[in-house]
Amino acid sequence: MLGKIGYGTVSEALAYKIPFVFVRRDYFNEEPFLRNMLESYQGGVEMIRRDLLTGHWKPYLEHAISLKPCYESGINGGEVAANILQDTASGKNHTSDKLSGARRLRDAIVLGYQLQRIPGRDLSIPDWYASAENELGLRTGSPSAEMSDDSFHLPSLPNDFEILHGDVMGLSDTVNFLKSLSELDSFIDSGKSTEKLQIRERKAAGRLFDWEEEIFVARAPGRLDVMGGIADYSGSLVLQMPTREACHVALQKIQPTKQRLWKHTQARHNAKGQGNTPVLQIVSYGSELSNRGPTFDMDLSDFMDGDQPMSYEKARSYFARDPSQRWAAYTAGTILVLMKELGIRFENSISVLVSSAVPEGKGVSSSAAVEVATMSAIAAAHGLNIEPRELALLCQKVENHVVGAPCGVMDQMTSACGEANKLLAMVCQPAEVLGLVDIPNHIRFWGIDSGIRHSVGGADYGSVRIGAFMGLKIIKSVAMGLLSQSSANGVTSDDLEEDGIELLETEASLDYLCDLSPHRYEALYVKQLPETMVGESFLQKYVDHNDPVTVIDPKRNYGIRAASRHPIYENFRVKAFKALLTSASSDYQLTALGELLYQCNYSYSACGLGSDGTDRIIQLVQEMQHSKVSRSVEGTLYGGKITGGGSGGTVCVVGRNCLRSSEQILQIQKKYQDATGYLPILFEGSSPGAGTFGHLRIRRRKQK
């Protein structure tokens, strides 16, 4: 049987023991459970949508014929589902692995209750869930993309690899990544794994590399947006901290004759009558958690349009063809950008393994970490000397032009240029690093994940960005009108100086909203900006908004005043925040820092970029800050704000660096879970950027 995965097709395939060749479905949340069920009972073969549409079915059908489906359980779906739900709810199906099917099904049940929430009312989690959770001791502590079992003990380096260049810099996550690499080839033979969802990823990764050749490893962290956020595209000063969590990329440049191709790739070449042609093969760990394909491959010649690299527009369409493989644009897109911007040509095959501990959709720049780590590894393998700042700008082009997300550059800059336990101070015009700001010993920052998925490609972020660029165009037009009016009235040169004509000339040619001071905005322009404006009306009057990465929808109504006001005031707030960090240590200092975070948060909400989850976390921070206990002793938590592109994601909290502050963060985490059923991920600590880490060049030691 061949088709798209669904309840009907899967149940028939299992009930009648018919092998099922399937493709993934868009926006079908139950798909992972069905797909894992097919794999568990040896009843399914996943086909890449590209091969379905082009008729390359043979390797999949041959694989399907060899399967021996072994489902023997009941075929009355209602009874089976009821028994599973009952056993899972009571804890009978318990397994300690937090990513197990039973663990995730329990969470899915709670999600069902969450979907019934009424605004303003806390969710009531059923007693059976809380009781079973306490009895089984599940979800104790903070869930996070762990770097190691023991953060204070550096595991030993694997003996399998010789490090020819570079240094692990005492990073336990890097050591663990090297260990996982050393186990890949043996994994193919032993098939050892307690989780079926990891088997395909590990086996595919084990076939990526020629273990006798050199492998290049790069590392890039995520970022916690302390101040600046969405004002980056308006030229603001920003303050960003690289996270402890990072993405590792292992990459090998290999001659096409030595590359081990996956079966469907080889079949595609055979069908085309192709010989040994350079191929890009990518494996990305963690695919199951975001319901995407674990592998991606393409001929590098597909990037060419005649004798020139394809356009970015064609590249966006190429990667958008199959939603389950759209993620590959973040990795493969780095190759196209290097081809187009630096004129690089790739004559050899490239094998890439991506392993990221920066969780997706949390507003901590998981995509930037992947882009920066990938491009760093490519540059190292091909002998390209790209400075961190230039590399960050190139990676921004990947996100803007290949992925199609209209982000600013602060994410990539922090991942590439950041330093551990310091704030990267940068003016985004377009990417001028002012330096690193030390975090005083008595101050600490945390990130608390709301569980609401964030995306810079979402409509809210894009519409606010468009509104800001509309506002800039209107302000420049108003300034030009004031200049023309002064000239028409015959103002003298003395009058011109007195009336601030030079200021008007500067404002009439503004490149960035953040170059306009708040008092000038209030004095001359705020009343000239409409609250909202329909795209068609704006285009008729102003022709274009001059933003190269967004497009105005003529029928959409855009908020202009709030979107314009935010970056103007945010730039001022960031400057004040930076100055306060260097001031004398005092409770006033911390109170002022916290107040600036709060003001930023409410400004996000005014733009329409808030969310119920992040607002709840801010409320919990304020309750802790103003509680009787906190007032009776030295304050601990002082403020918080939504981060990055907003509309969910992570909240940044500032507080005193002491044990009680950490205890209050854990209390907020637990209270949020009690209210929503979701236990937030906590982001603590920091690590070096990709530029500081450099790269590792490793080779497997020859067996004696």
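Where is Asn421 found? Asn421 sits in the loop between helix 16 (410-417) and strand 12.

Okay, hi everyone. This is a predicted model, so to speak of local features we need pLDDT of at least 70, side-chain atom pairs count only at pLDDT 80 or more, and totals for chains, interfaces and linings use all residues. Residues are numbered from 1 along each chain as its sequence is written, and side-chain values use heavy atoms, with hydrogens and water left out.

The overall picture, then. The chain has 27 helices and 20 strands. Those are DSSP runs, numbered from the N terminus: helices are H or I with at least four residues, and strands are E with at least two. Of the 704 residues, 53% count as buried. Buried means under 20% relative accessible area, exposed is over 50%, and partly exposed is in between, using a 1.4 Å probe and protein chains only. For contacts, meaning heavy atoms within 4.5 Å, take the ones between residues at least 6 apart in sequence: 72% of them join residues at least 24 apart.

Back to Asn421. It has a positive phi of about 60° although it is not a glycine. Most residues other than glycine have a negative phi, and most peptide bonds are trans. Val543 also has a positive phi, about 75°, and is not a glycine either. You'll find Val543 in the loop between helix 21 (535-542) and strand 16 (557-559). Is Val543 buried or exposed? It counts as exposed, because its relative accessibility is 65%. And for the peptide bonds, look at Gln429 and Pro430: a cis bond joins them, with omega about -5°. Pro430 has its place in the loop between strand 12 (422-427) and strand 13 (432-438).

Four strands make an open sheet in the order 17-18-14-19, with antiparallel pairing. The edges are strand 17 and strand 19 (682-683), each pairing on one side only. By pairing I mean that DSSP finds at least two bridges between two strands.

Let's walk across it. Five bridges join strand 17 (residues 637-642) to strand 18, and one example is Gly639, whose bridge partner in strand 18 is Val654. Strand 18 then pairs with strand 14 (residues 443-449) over seven bridges, with Cys652 as the partner of Gly447. Gly447 also stands opposite Phe683 in strand 19, and strands 14 and 19 are joined by two bridges. What about burial in strand 18 (residues 650-656)? Seven of its seven residues are buried, so strand 18 is largely enclosed by the rest of the structure.

Three bridges join strand 1 (residues 2-4) to strand 2, and Lys4 stands opposite Val23. In strand 2 (residues 20-23), Phe20 and Phe22 point one way, Val21 and Val23 point the other way, and all are buried.

Ser351 counts as buried because its relative accessibility is 0%. Its side chain makes a polar contact with the side chain of Gln259, at 3.3 Å. A polar contact is a pair of N or O atoms within 3.5 Å; within protein, one must be able to donate a hydrogen and the other to accept it, and residues adjacent in sequence count only if both atoms are side-chain atoms. Leaving aside neighbours within four places in sequence, Ser351 is in contact with residues including Leu208, Phe209 and Gln281.

Last stop, a pocket. The second largest pocket has a volume of about 1300 Å³. On a 1 Å grid over the protein atoms alone, a pocket is an open set of points where a 1.4 Å probe fits, with protein on both sides within 12 Å along at least five of seven lines, and lining residues have an atom within 4 Å of a point. The volume is the space filled by probe spheres set on the points, which are joined across faces, edges and corners.

Which residues lie nearest its centre? Val45, Glu46, His63, Arg200 and Arg207, out of 32 lining residues. Helix 10 gives the largest share of that lining, five residues. The lining divides into twelve nonpolar, nine polar and eleven charged residues. Thanks, that's my tour!

Definitions and conventions
Ala, Val, Leu, Ile, Met, Phe, Trp, Tyr, Cys and Pro count as nonpolar, Asp, Glu, Lys and Arg as charged, and the others, Gly among them, as polar.
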